[in-house]
Amino acid sequence: MNHTAFKIRPMTLADLELSLEWAATEGWNPGIYDAEAFYAADSGGFLIGEINGELISSISAVRYDDTFGFIGLYIVKPNWRGQGFGLKTWNAGLKLLGDRNIALDGVLAQVDNYRKFGFQPAYRHIRYAGLGMATDINKSIVFLSTLPRETLVNYDRQYFPTTRPQFLQKWINQPESTAYGFLKNGNISGYGVLRKCRNGFKIGPLFAEDSEIAESLFLALINHAQNQPIFLDTPDANPAAIALAQKYNMQPVFECMRMYTRGIPELDITRVFGVTTLELG
């Protein structure tokens, strides 16, 4: 194959929608409305590879700020694999991120390959699957959209390596989704988002100052997915997160490894009960 005909360029929003369709085909079950929120995080942080007009590869290399970036959506269409196009796409993503601390959630079979590029394992994310059900909603729970945007952004920053205001604005306002905050003495003490996916709903993030608040948010969210599949990506570095999933009869269905190039950010992982998304961190 003539590699000179292979070009890598920034994605349009339509390209990103296509890449998410590829992700769905891979079994990753992305959110139906993910594209706009992802694009808001860094519209120049998504690359697509094409050859003779055919789109064949993708990668997200989202630059949240000058210090932190995240790699995801690394896909080559099956009939184009094994020909070097993936590596070229990967290298373009790394180049875009430069000397930031870069994170990714890698499938376990690829961990050793990512090590070669300087990524070091931090902990595993375990995806738990269960069913939504009717629940009672704690009186301290409010719709996240009723809180000042700055309040949410500042709270989120405690559990994410940098601020992500544009992303959050879109993320908590997706159609067919629900976003709740937990208020304690008038202050936000946790929040969670339930979003519509190809199959059922995913919860993410689920951040809370203790396991009781996390459970209250979890129950409020799954009330909006009664008898539908629900999924929660828990860090195994937080045993309370796993205990919450197990308490509601959720079963582990997938694992991946969170990895960083410049060390684990100083965040309190014991308050992370569900990661936002394996694609963007």
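The largest share of the lining of the largest pocket comes from strand 4, with 6 residues. Strands here are DSSP runs of E of at least two residues, helices are runs of H or I of at least four, and both are numbered from the N terminus. Before I go on: this is a predicted model, where local features need pLDDT of at least 70, side-chain atom pairs count only at pLDDT 80 or more, and totals for chains, interfaces and linings use all residues. Residues are numbered from 1 along each chain as its sequence is written, and side-chain values use heavy atoms, with hydrogens and water left out.

Back to that pocket. Its volume is about 850 Å³. Trp28, Tyr74, Val107, Gln110 and Tyr114 are the closest to the centre, out of 35 lining residues. Two or more lining residues come from each of strand 4 (68–76), helix 3 (85–97), strand 5 (101–107), helix 4 (111–115) and strand 12 (251–260). By class, the lining has 18 nonpolar, 11 polar and 6 charged residues. For the classes, Ala, Val, Leu, Ile, Met, Phe, Trp, Tyr, Cys and Pro count as nonpolar, Asp, Glu, Lys and Arg as charged, and the others, Gly among them, as polar.

On terms: the search uses a 1 Å grid over the protein atoms alone, and a pocket is an open set of points with protein on both sides within 12 Å along at least five of seven lines. A cavity is a set where a 1.4 Å probe fits but cannot get out, and lining residues have an atom within 4 Å of a point. Points are joined across faces, edges and corners, and a volume is the space filled by probe spheres set on them.

One more remark on strand 4: leucine 73 lies in this strand, and its phi is near 50°, a positive value in a residue other than glycine.

The second largest pocket holds about 200 Å³. Of its 18 lining residues, Tyr123, Tyr159, Tyr260, Leu267 and Ile269 are the closest to the centre. Strand 6 (120–131), strand 12 and strand 13 (272–274) each give at least two residues to this lining, which divides into 13 nonpolar, 4 polar and 1 charged.

Now helix packing. The axes of helix 1 (residues 13–25) and helix 2 (residues 34–41) cross at roughly 125° and come within 9 Å. Helix 1 is therefore oblique to helix 2. Axes are lines fitted to C-alpha atoms, for helices over the stretch in contact, with angles from 0 to 180 degrees between N-to-C directions; under 35 degrees is roughly parallel, over 145 roughly antiparallel, 65 to 115 roughly perpendicular, and the rest oblique. In contact, meaning heavy atoms within 4.5 Å, Leu13, Leu16, Glu17 and Leu20 of helix 1 meet Asp34, Ala35, Glu36, Phe38 and Tyr39 of helix 2. Those residues divide into 6 nonpolar, no polar and 3 charged.

For helix 7 (residues 211–222) and helix 8 (residues 239–247), the axes come within 11 Å and cross at roughly 40°. These two helices are therefore oblique to each other as well. Ser211, Ala214, Glu215 and Phe218 in helix 7 meet Ala240, Leu244 and Lys247 in helix 8.

Last item: the peptide bond from glycine 204 to proline 205 is cis, with omega near 0°. Proline 205 is in strand 10 (residues 201–208).
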